[in-house]
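Good morning. Please have a look at the structure.

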Amino acid sequence: MNDGDQNPAAVPTPVPDVYGDGCWMSMHNHFVASSKDKEPEVVFIGDSNVLLLHQLEIWRDLFSPLHALNFGGLGEATQHVLWRLENGELEHIKPKIIVLWVGTHNMGHTAEQIAGGIKANVQCILHRQPQAKVIVLGLLPRGKNPNPLRNRNRRVNELLAEALPSMPNAIFLDVDPGFVQSDGTISHQDMYDYLHLSRLGYSRACQILHKTLLQLLEGKGTAS
């Protein structure tokens, strides 16, 4: 994006090694190395929502059969995923579909900055993987009760839904089945900490994603 230098959410940035153990960089290097002998059809990349999905049976049931790789990181913002994309994680593979899910952990950024950061990730993917379709998953509501971050995430989704149709091979997909209940609360059964999905929450959110992936892999879906 043209204003990338002015938007901190769109400037590739490694996660600071605040603990001094190098865990994040080791994880990144593992993703780069492990991809060298893989031929995935689908690659998931993003924050802890992607990472935690890999640890549940729904990953094995729905996504492993699609020859999927999981490059999920813990608590990452858009600029952190962008750094990983620009530093080798897409170098050795040629997937048909890349699923991007990031943005809810962007602290201190506006909805416009976050949407710009997500678009910068999409542009990076399309540049490096022109054969791939990119599915951008909408940000989920968060917090037990209504709060400003819910409003921010909703606005990010609105901006992405407007912008992505003009990007070749990019799709915006809202996977929220209705986590906010009629009284405005989110159930502990769906999000165990009101941010990350439970097994039940994943099972609800992943059905539309799985259906979309099958349609695209079978050539029945299109991206504008």
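Let me begin with the second largest pocket, which holds about 210 Å³ of space. Please keep in mind that the model is predicted.

What lines this pocket? The residues are His30, Phe31, Ser34, Lys38, Leu51, His54, Trp59, Ala68, Leu69, Asn70, Phe71 and Gly72. Strand β2, residues 68-72, gives the most to this lining, with five residues. Helix α1 also supplies at least two residues there. By class, the lining of the second largest pocket has six nonpolar residues, five polar ones and one charged one.

Now the largest pocket. The volume here is about 280 Å³. Around the largest pocket you find Val15, Pro16, Asp17, Val18, Tyr19, Asp21, Cys23, Trp24, Met27, Leu51, Leu74 and Gly75. Which element gives the largest share of this lining? That is helix α1, residues 23-34, with three residues. Sorted by class, the lining of the largest pocket comes to nine nonpolar residues, one polar and two charged.

How is empty space found in the first place? Rolling a probe the size of a water molecule over the atoms shows where empty space is left.

That brings me to the cavities. How many of 30 Å³ or more does the structure hold? There are two.

The largest cavity has a volume of about 50 Å³. Its lining is made of Asn49, Trp101, Thr104, Leu139, Leu140, Pro141, Arg142 and Leu195. Of these residues, five are nonpolar, two are polar and one is charged.

The second largest cavity holds about 40 Å³. Leu53, Trp101, Leu137, Val175, Ala205, Cys206 and Leu209 line this one. Helix α7, residues 199-217, provides the largest share, three residues. What classes are found in this lining? The count is seven nonpolar, no polar and no charged residues.

Terms used
Residues are numbered from 1 along each chain as its sequence is written. This is a predicted model: local features need pLDDT of at least 70, side-chain atom pairs count only at pLDDT 80 or more; totals for chains, interfaces and linings use all residues. Side-chain values use heavy atoms; hydrogens and water are left out. On a 1 Å grid over the protein atoms alone, a cavity is a set of points where a 1.4 Å probe fits but cannot get out, and a pocket is an open set with protein on both sides within 12 Å along at least five of seven lines; lining residues have an atom within 4 Å of a point. Grid points are joined across faces, edges and corners, and a volume is the space filled by probe spheres set on the points. Helices (H or I, at least four residues) and strands (E, at least two) are DSSP runs, numbered from the N terminus. Ala, Val, Leu, Ile, Met, Phe, Trp, Tyr, Cys and Pro count as nonpolar, Asp, Glu, Lys and Arg as charged, and the others, Gly among them, as polar.
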